[in-house]
Amino acid sequence: MERIDESYFENALMVLQRELLKSGITMVNDIMTQYPRIFKIYKRLQEEGKLKIRMACGGLGKSKELEKFLELEDGMKIKKAPVNIF
């Protein structure tokens, strides 16, 4: 995941979002949100009003990614729950 450029991921997400909305899909589950960097992109896009689809997201099982997801770098604490939805 460290190799994916954030601007590339964001652009790809915006293209995908347009296609999903054209097809009437308004909510998806993305396991990539187990990576704090990706979760923060989704959160930022949602706060900026750019994320028009709903995202079900969360860490996978017991992993180092889940621990990072629960304790994000900016001090935001996420409760240990199976799903967060924006």
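Set aside the neighbours within four places in sequence, and L21 is in contact with T26, K52 and I53, where contact means heavy atoms within 4.5 Å. L21 and K52 stand 31 residues apart in sequence, yet their C-alpha atoms are 8.3 Å apart in space. L21 belongs to helix 1; helices here are DSSP runs of H or I with at least four residues, strands are runs of E with at least two, and both are numbered from the N terminus. With a relative accessible area of 35%, L21 is partly exposed. On this scale, buried means under 20% relative accessible area, exposed means over 50%, and partly exposed lies in between, using a 1.4 Å probe and protein chains only.

A word on the model before going further. This is a predicted model, in which local features need pLDDT of at least 70 and side-chain atom pairs count only at pLDDT 80 or more, while totals for chains, interfaces and linings use all residues. Residues are numbered from 1 along each chain as its sequence is written, and side-chain values use heavy atoms, with hydrogens and water left out.

**Overall layout**

The secondary structure comes to three helices and three strands, and along the sequence these follow the pattern α-β-α-β-α-β. Of the 86 residues in the protein, 33% are buried. Among contacts between residues at least 6 apart in sequence, 76% join residues at least 24 apart.

**The core and helix 2**

What makes up the largest nonpolar core? This core has eleven residues: F9, L13, M14, L20, I38, I41, Y42, L45, L51, I53 and M55. Helix 1 (6-22) and helix 2 (36-47) are the elements that give two or more residues to this core. By definition, a nonpolar core is a set of buried Ala, Val, Leu, Ile, Met, Phe, Trp, Tyr and Cys residues joined through side-chain atoms within 4.5 Å. In soluble globular proteins, nonpolar side chains tend to be buried together.

Helix 2 has P36, I38, F39, I41, Y42 and L45 as its buried residues. Just after helix 2, G49 takes a positive phi of about 80 degrees.

**Charged pairs**

How many salt bridges are there? The count comes to six, where a salt bridge is a side-chain nitrogen of Lys or Arg within 4 Å of a carboxyl oxygen of Asp or Glu. The table lists some of them.

| Pair | Closest N and O atoms |
|---|---|
| R37 and E6 | 3.4 Å |
| K43 and E47 | 3.4 Å |
| K50 and E48 | 3.4 Å |

R37 forms a salt bridge with E6. R37 lies in helix 2 and E6 in helix 1, so this pair ties together parts that are 31 residues apart in sequence. R37 is partly exposed at a relative accessible area of 28%, and E6 is partly exposed at 36%.

K43 and E47 are four residues apart in helix 2 and thus separated by about one helical turn. E47 is exposed, with a relative accessible area of 57%. An α-helix has 3.6 residues a turn, so residues three or four places apart point the same way.

K50 forms a salt bridge with E48. K50 counts as partly exposed at 37% relative accessibility, and E48 is partly exposed with a relative accessible area of 42%. Salt bridges that share partners join E10, R44, E48 and K50 into one network. E10 is found in helix 1 and counts as buried at 16% relative accessibility. Leaving aside neighbours within four places in sequence, E10 is in contact with R44, L45 and K50.

D30 lies in the loop between strand 1 (27-29) and helix 2.

The side chains of D30 and Y42 are joined by a polar contact of 2.3 Å. A polar contact is a pair of N or O atoms within 3.5 Å; within protein, one must be able to donate a hydrogen and the other to accept it, and residues adjacent in sequence count only if both atoms are side-chain atoms. Apart from its neighbours within four places in sequence, D30 is in contact with F9, Y42, M55, A56 and C57.
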